[in-house]
Amino acid sequence: MESESESGAAADTPPLETLSFHGDEEIIEVVELDPGPPDPADDLAQEMEDVDFEEEEEEEEGNDEAWVLEPQEGVVGSMEGPDDSEVTFALHSASVFCVSLDPKTNTLAVTGGEDDKAFVWRLSDGELLLECAVATGDMSGLLKVWQVDTKEEVWSFEAGDLEWMEWHPRAPVLLAGTADGNTWMWKVPNGDCKTFQGPNCPATCGRVLPDGKRAVVGYEDGTIRIWDLKQGNPIYVLKGTEGHQGPLTCVATNQDGSLILTGSVDCQAKLVSATTGKVVGVFRPETVASQPSLGEGEESESNSVESLGFCSVMPLAAVGYLDGTLAIYDLSTQTLRHQCQHQSGIVQLLWEAGTAVVYTCSLDGIVRLWDARTGRLLTDYRGHTAEILDFALSKDASLVVTTSGDHKAKVFCVQRPDR
């Protein structure tokens with residue numbers, strides 16, 4: 001399958017209508033914003049009153065065309081491969097930066113690209129699905145939320161240059177980090193807003209903790225802040241030797257939110273207790289262990305942590321590096337268990353739920369599956385002609401959706417009898 005999108009795109013609540021890849025395919029219109037029944041996290045959104053609230057009253061001119069989710073007619077997808085295991089979506093006219101799957105059914109994808117377009121499309125044939133909102137954001141900080149079935153823009157805001165964006169897991173609340181050091185939180189669609197002011201440097205990465213009440217944010221100066229989303233204050237601030245010696249690149253949390261893993265251009269991954277705010281472990285691969293320590297403000301020229309995550313069934317963590325190293329660490333002993341080498345830099349990694357299998361995508365355009373227990377490469381999936389820039393894994397681990405610098409998004413069927 002192939003599709004067009006914009007700099008950032010994320011799906012919220014159920015899916016939308018969109019693209020079918022068996023038979024004649026067309027992009028159907030997308031979905032309706034529906035807050036649904038009351039959620040335990042709704043009190044968080046209700047608390048957002050008059051805190052740094054700004055309503056965007058002026059309409060943006062000249063940019064609307066780039067953000068419209070336009071319905072397309074005709075055949076746009078094609079099945080490839082002898083076993084129909086790969087589908088390509090090719091409506092984007094430039095690099096496809098990001099992908100997100102609808103969180104409830106994983107039957108729809110939204111992709112965003114350098115062409116300033118977001119496409120919502122169906123991974124396979126099926127009924128039209130409703131109740132989905134899609135958020136898009138570009139690097140300049142223009143964020144929009146769309147009612148997909150009508151292509152209607154239901155909310156927009158212009159913040160500073162955008163670093164990251166994600167939906168709250170249990171409430172109609174959107175969070176984003178910007179280059180001015182702020183982390184923003186909006187209730188959608190009414191636009192109630194809170195800002196969490198960090199240091200005077202970009203908020204480079206962030207993640208809402210599983211309890212929905214806290215978020216961890218990493219900054220360019222190497223500091224880490226754990227925020228109370230309701231009260232609006234930092235619970236813990238890690239800086240100096242407790243923080244990193246370079247900009248943070250990624251953060252992750254384990255299933256119950258008790259542990260946080262942070263990664264940086266200083267090549268270190270730090271394990272932090274979300275309960276105490278203390279660093280309880282520091283990981284660095286053996287291949288770079290002998291490199292001299294970086295001075296304050298210096299960055300490694302050859303390597304950095306690019307992605308990381310926790311295994312859900314074993315006390316393991318995976319860290320992916322720009323030099324192509326996948327390091328598997330044993331959290332109980334805080335030792336390196338396996339080191340798996342790629343031919344080029346790792347862009348992102350994801351753990352398969354309920355197993356010890358970790359997926360990686362890399363700059364060579366290949367998706368690889370690794371058994372973290374043995375360090376063995378299980379299989380790989382090829383098809384892109386340029387670097388993979390993002391990927392997503394369906395909940396049942398049957399599909400991997402990738403986006404690439406070759407202007408395409410692909411869907412790989414990864415279910416195998418031996419797995």
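Is His407 buried, exposed or partly exposed? With a relative accessible area of 33%, His407 is partly exposed, where buried stands for under 20% relative accessible area, exposed for over 50% and partly exposed for what lies in between (1.4 Å probe, protein chains only). The structure is a predicted model, in which local features need pLDDT of at least 70 and side-chain atom pairs count only at pLDDT 80 or more, whereas totals for chains, interfaces and linings use all residues. Residues are numbered from 1 along each chain as its sequence is written, and side-chain values use heavy atoms, with hydrogens and water left out.

The secondary structure of the protein chain comes to 2 helices and 32 strands, taken as DSSP runs (H or I of at least four residues for helices, E of at least two for strands) and numbered from the N terminus. Of its 419 residues, 56% count as buried. The accessible surface of the chain is about 17,300 Å², and 45% of this surface belongs to carbon and sulfur atoms, the areas being computed by the Shrake-Rupley method with a 1.4 Å probe and, for residues, with only the protein chains shown counting as cover. Among contacts (heavy atoms within 4.5 Å) between residues at least 6 apart in sequence, 53% join residues at least 24 apart.

The largest nonpolar core contains 16 residues, and those with the most contacts inside it are Leu143, Val145, Trp155, Met165, Trp167, Leu174 and Trp186; such a core is a set of buried Ala, Val, Leu, Ile, Met, Phe, Trp, Tyr and Cys residues joined through side-chain atoms within 4.5 Å. Two or more residues are given to this core by each of the strands E7 (133–137), E8 (142–147), E9 (152–158), E10 (162–167), E11 (173–178) and E12 (182–187), and the largest share, 3 residues, comes from E10. A second, separate core of 15 residues includes Cys250, Leu261, Phe283 and Leu308.

Strand E10 also belongs to an open sheet of 4 strands, with the order E10-E11-E12-E13 and antiparallel pairing, two strands being paired if DSSP finds at least two bridges between them. E10 and strand E13 (193–197) stand at the edges, each with a single partner strand, so one side of each is left without a neighbour in the sheet. On average, neighbouring strands of this sheet are turned by 15° against each other, direction ignored, with axes fitted as lines to C-alpha atoms. Within the sheet, E11 and E12 run antiparallel and are joined by 5 bridges, and Leu174 stands opposite Trp186 in E12.

Asp116 is placed in the loop between strand E5 (108–113) and strand E6 (118–122) and counts as partly exposed at 28% relative accessibility. His407, in turn, is placed in the loop between strand E31 (399–404) and strand E32 (409–413).

A search of the whole structure finds 0 disulfides, a disulfide being a pair of cysteine sulfur atoms within 2.5 Å. The sulfur of Cys205 is 6.5 Å from the closest cysteine sulfur, that of Cys250, which is too far for a bond. Cys205 counts as buried at 6% relative accessibility, and Cys98 likewise counts as buried, at 11%.

Definitions and conventions. Axes fitted to C-alpha atoms, helices over the stretch in contact; angles between N-to-C directions.
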